[in-house]
Number of protein chains: 2
Amino acid sequence: MNTADNAPQASMESTDASNTTTAPRAVDWENPRVAAILTAAAKCFSRSGFSATTLAEIGKELGLRKSIVHYYFASKAALIHEVQSFTYRKFLDRVREATASASEATGPARARRALEALWEALQADQTASGLNIEVWSAARRDPELKRRAAMLQQDQRQIIDEAIASAGDVARKPSLEGLPVLAQAVLNGLSISECIEDSPEQAKKAYETFLHLLEQTLKAK
Amino acid sequence: MNTADNAPQASMESTDASNTTTAPRAVDWENPRVAAILTAAAKCFSRSGFSATTLAEIGKELGLRKSIVHYYFASKAALIHEVQSFTYRKFLDRVREATASASEATGPARARRALEALWEALQADQTASGLNIEVWSAARRDPELKRRAAMLQQDQRQIIDEAIASAGDVARKPSLEGLPVLAQAVLNGLSISECIEDSPEQAKKAYETFLHLLEQTLKAK
C-alpha cells in the first residue's frame, strides 16, 4: 500500500464528495504517466474485462511496477471509474470536432452529416466501444460507475441534440422528442451487433436505414 | 465431481460437435428439475453477473446441493450457454405469440403492432434483458457464447423481418434493407439506456419516435 502524503490518488470518496459539473479532478489527466496508465488500462479492460484484469497486468503493459499504478490509483475500482471518464471524454472531444465539421451544411443535411460523423468517430475507436460494453455490464452492480455512465450518456446526447436542432424547426416537433435517446440507442445497439456478429457492413447498412428514416420524416413535415 | 455413466450433462464438447440447426440437446428442458435450475441460474446470473455467481449459489436458490447442479451441468461455462439459450427461446416464444396477435392488422399498421408487441415482451422480461447485457460482455471472451448469441440475434431478427414484410412492398425497398438489424439495435440500445439511466419512460418515448419515423417513411413511399 502506498502511503505517500501527497499521493494524487483517485478514490471513490473524492469523486462522490464533489458532485458539481466541473468536479475537481483527483488525478491529473495532463500528467503523461497518468495518461499512459489510463490508456493502457482502457486497452486491458476492453480486451479482458474488468474482473480478469489486474493492476499488475496494466503496469506490465507500460513496463511499470504495480506499486506505481497504485501510487496514482488507490484501487482497481477507482481506476475503472477514471478510465471510463478518460476514454469517454477523449471520445466526446473527437465527436465534437467531427460534428463541428458538419456545420457547413444546413437543415436536414446537417443533422445527417453530424450523425454520420458520430458513427465514424465510434468506428474509429474500438477500445471505447469495447469498454462501453464492459461498463454496461459492470454498472449494473457498481452505482458509481452507473452514475458516471449516465452522465456521459447525457453528454453524448447533448451533442446529438444540438446537431439535430440545427436541422431546423421540423426536428422540434413533439413526435420527434425522443430522437436524441433513439439515435444513441441505435449507436449503442449497433456496436453490440457488430461485436456479437462481427458484421461491420450489416451494422453500417442498418445505420444508413436509420438516417434514411430520419431524412424521410424531416422532409415530410 | 459427478461420474455417473448416464449423466445428462451439457458440455462444451457436446454442443460444439453438433453444429446443425436442430442440434440434439444434451440437457432436457422438459425435465422439471433442469428447467428449475436454468430459471434460477438465469435469475442469479442476471443479478450478479457470470463471474460472481457460483453453482453453489444457484443450487441454494432451489434448496439443492451443488452436486445436483453439477449432475446436470458439467461446468459453469456449460450452464451459462444453456441458460442463455433457454431464456432466449422462452423469450422468442412469447414474442412469436405477441406478434401473431398483430396479424389481424394489415400494411404499415401491422408492422407497427408487431414492433409494439416486441417492445412489450422485452419490458415484461427483465431477467432476459439483464442476462443479455451480461452475455454481450462475456461473449467478447467466450466464442461459444458468442456463436449462440449470434444465432439468437438472427432468430429474433427473422421475427422482426416477417412482421415488417407483412407491411407490404414498401418495406422491401433497398433503402429499408437494414430495417430488421436497425429495429433490433434500437431494442438492445434502449434496454441499455433503461438500465443505466433507470428511465423506462425516456426509453418508451424514444421507441415511439422510432415507430413514428418508420410509419412516416412507409407512408411516404
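1. Rings of Phe, Tyr and Trp, the last taken by its six-membered ring, pair if their centres lie within 6.5 Å. On this basis A:W119, A:Y207 and A:F210 form one aromatic cluster. The model under discussion is a predicted one. Over all chains, the structure holds 12 aromatic pairs.

2. One of these pairs joins A:Y71 and A:Y72 in an edge-to-face arrangement, with 4.9 Å from centre to centre and 85° between the planes. Are the two residues buried or exposed? A:Y71 has 26% relative accessibility and therefore counts as partly exposed. A:Y72, at 11% relative accessibility, counts as buried.

3. In chain B, the ring centres of B:Y207 and B:F210 lie 6.1 Å apart with the planes at 40°, so this pair is tilted. Both residues belong to helix α10 (residues 200-220) of chain B; because B:Y207 and B:F210 are 3 residues apart there, about one helical turn separates them. B:Y207 counts as buried at 3% relative accessibility, and B:F210 counts as buried at 0%.

4. Within chain A, attention is drawn to the packing of helix α5 (residues 76-100) against helix α7 (residues 126-139): the angle is about 140° and the axes are 10 Å apart. At that angle α5(A) is oblique to α7(A); angles over 145 degrees would count as roughly antiparallel. The crossing of α5(A) past α7(A) is left-handed. On the α5(A) side the contact involves A:V83, A:Q84, A:T87 and A:Y88, which meet A:A128, A:L131, A:N132 and A:V135 of α7(A). By residue class, this contact of α5(A) with α7(A) comprises 5 nonpolar, 3 polar and no charged residues.

5. Which residues does A:Q84 touch, beyond its neighbours within four places in sequence? The contacts of A:Q84 are A:L131, A:V135, A:L145, A:R148, A:A149 and A:L152. A:Q84 is located in helix α5 of chain A and, with a relative accessible area of 6%, is buried; the cut-off for that term is under 20%. Between A:Q84 and A:R96, which are 12 residues apart along the chain, the C-alpha separation is 18 Å.

6. A further helix contact links the two chains A and B. Helix α8 (residues 143-165) of chain A packs against helix α9 (residues 179-197) of chain B at an angle of about 125°, with 9 Å between the axes. The pair α8(A) and α9(B) is therefore oblique. From α8(A), the residues A:K146, A:A149, A:A150, A:Q153, A:Q154 and A:R157 meet B:C195, B:I196 and B:E197 in α9(B). The residues of this contact of α8(A) with α9(B) divide into 4 nonpolar, 2 polar and 3 charged.

7. Most residues other than glycine have a negative phi. A:D198, which is not a glycine, has a positive phi of about 45°. A:D198 sits in the loop between α9 (179-197) and α10 (200-220) of chain A and counts as exposed at 54% relative accessibility. In chain B, B:D198 has a positive phi near 45°. B:D198 lies in the loop between α9 and α10 of chain B, and its 55% relative accessibility places it in the exposed class.

Key: Residues are numbered from 1 along each chain as its sequence is written. Chains are lettered from A and ligands numbered from 1 in the order in which they are written. This is a predicted model: local features need pLDDT of at least 70, side-chain atom pairs count only at pLDDT 80 or more; totals for chains, interfaces and linings use all residues. Side-chain values use heavy atoms; hydrogens and water are left out. Axes are lines fitted to C-alpha atoms, for helices over the stretch in contact, and angles run from 0 to 180 degrees between N-to-C directions. Helices (H or I, at least four residues) and strands (E, at least two) are DSSP runs, numbered from the N terminus. Angles under 35 degrees count as roughly parallel, over 145 as roughly antiparallel, 65 to 115 as roughly perpendicular and the rest as oblique. A crossing is left-handed if the near helix is turned anticlockwise from the far one by less than a right angle, and right-handed if clockwise. Contact means heavy atoms within 4.5 Å. Ala, Val, Leu, Ile, Met, Phe, Trp, Tyr, Cys and Pro count as nonpolar, Asp, Glu, Lys and Arg as charged, and the others, Gly among them, as polar. Rings of Phe, Tyr and Trp (its six-membered ring) pair if their centres lie within 6.5 Å; planes under 30 degrees apart count as stacked, over 60 as edge-to-face and the rest as tilted. Buried means under 20% relative accessible area, exposed over 50%, partly exposed in between (1.4 Å probe, protein chains only).
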